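Open the model in your viewer and keep the selection panel at hand.

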Amino acid sequence: MVRKIQTLFLAHKHIHLRWLKAHVGYLGNECADQLAKEAITKGDPFLLPKPLSYLKAEIKSAALSIWQDNWDNGETGRSAHDIVPRVSNKPVGWNREEVMFVTGHGPFPSYLLRFNLRTHDNCSCGEKGDPMHYATKCRFTLSWHFQTPTVSLKLQWLKNILTNNLSRTRLRLLMRFICDENNLIVVDNN
């Protein structure tokens, strides 16, 4: 429609557009005002339907808002929430080993004890077998150790590991070792 109007303007040089301060005194504008008022008083306002893209964006926004609220107020996934506090349709790019480490869900005695798959949560070296133990202290995983963070910097330490490609590679190798050599690092009395 705009192109047609532009073509008409180019073809008819005597037609000019100009801004009018008010509709009063201009017959065409007064007729347009009258028709608009009649449509409103009849309860039949002229509504333009919203485009599909707008509706999709609104639905996506509402869904993300609900998801964010559930993520913020949930009781599970708190370790992952601390690292990724905002929900998104874009994947975080973690692989299986990184997810296991961050969530603590994996071949860790501290996790397996929760499901009665172990009688204790100790590593075979005698300390509590959680992800931090294997990443920083365990004598069986010495080749993959990271520097032990202070308690106050643990979250930043983990974020730094997950944003550094070399550290992520070491973390994946550590997790593969733990999974492959689980009988070496986990002693069970069952």
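Which residues make a nonpolar surface patch of about 290 Å²? Select Leu52, Tyr54 and Leu55. Patch residues have over 30% relative accessible area and no salt bridge, and nonpolar side chains (Val, Leu, Ile, Met, Phe, Trp, Tyr) are joined within 5 Å. A salt bridge is a side-chain nitrogen of Lys or Arg within 4 Å of a carboxyl oxygen of Asp or Glu. Areas come from the Shrake-Rupley method with a 1.4 Å probe.

This is a predicted model: local features need pLDDT of at least 70, side-chain atom pairs need 80 or more, and totals for chains, interfaces and linings use all residues. Numbering starts from 1 along each chain as its sequence is written, and side-chain values use heavy atoms, without hydrogens or water.

Stay on Tyr54, in helix 3 (residues 52-73). Helices are DSSP runs of H or I, at least four residues, numbered from the N terminus. Tyr54 counts as partly exposed because its relative accessibility is 35%; buried is under 20%, exposed over 50%, partly exposed in between.

Now select the largest nonpolar core, with 26 residues. Such a core is a set of buried Ala, Val, Leu, Ile, Met, Phe, Trp, Tyr and Cys residues joined through side-chain atoms within 4.5 Å. Phe101, Tyr134, Trp157 and Leu174 have the most contacts inside this core. Helix 9 gives the most to it, 5 residues.

Pick Leu174. Beyond four places in sequence, Leu174 is in contact (heavy atoms within 4.5 Å) with Phe101, Tyr134, Ala135, Thr141 and Trp144.

Zoom out: the protein chain has 10 helices and 0 strands.

Notes:
Patches are made of residues with over 30% relative accessible area and no salt bridge: like charges are joined within 9 Å, nonpolar side chains (Val, Leu, Ile, Met, Phe, Trp, Tyr) within 5 Å. Helices (H or I, at least four residues) and strands (E, at least two) are DSSP runs, numbered from the N terminus. Buried means under 20% relative accessible area, exposed over 50%, partly exposed in between (1.4 Å probe, protein chains only).
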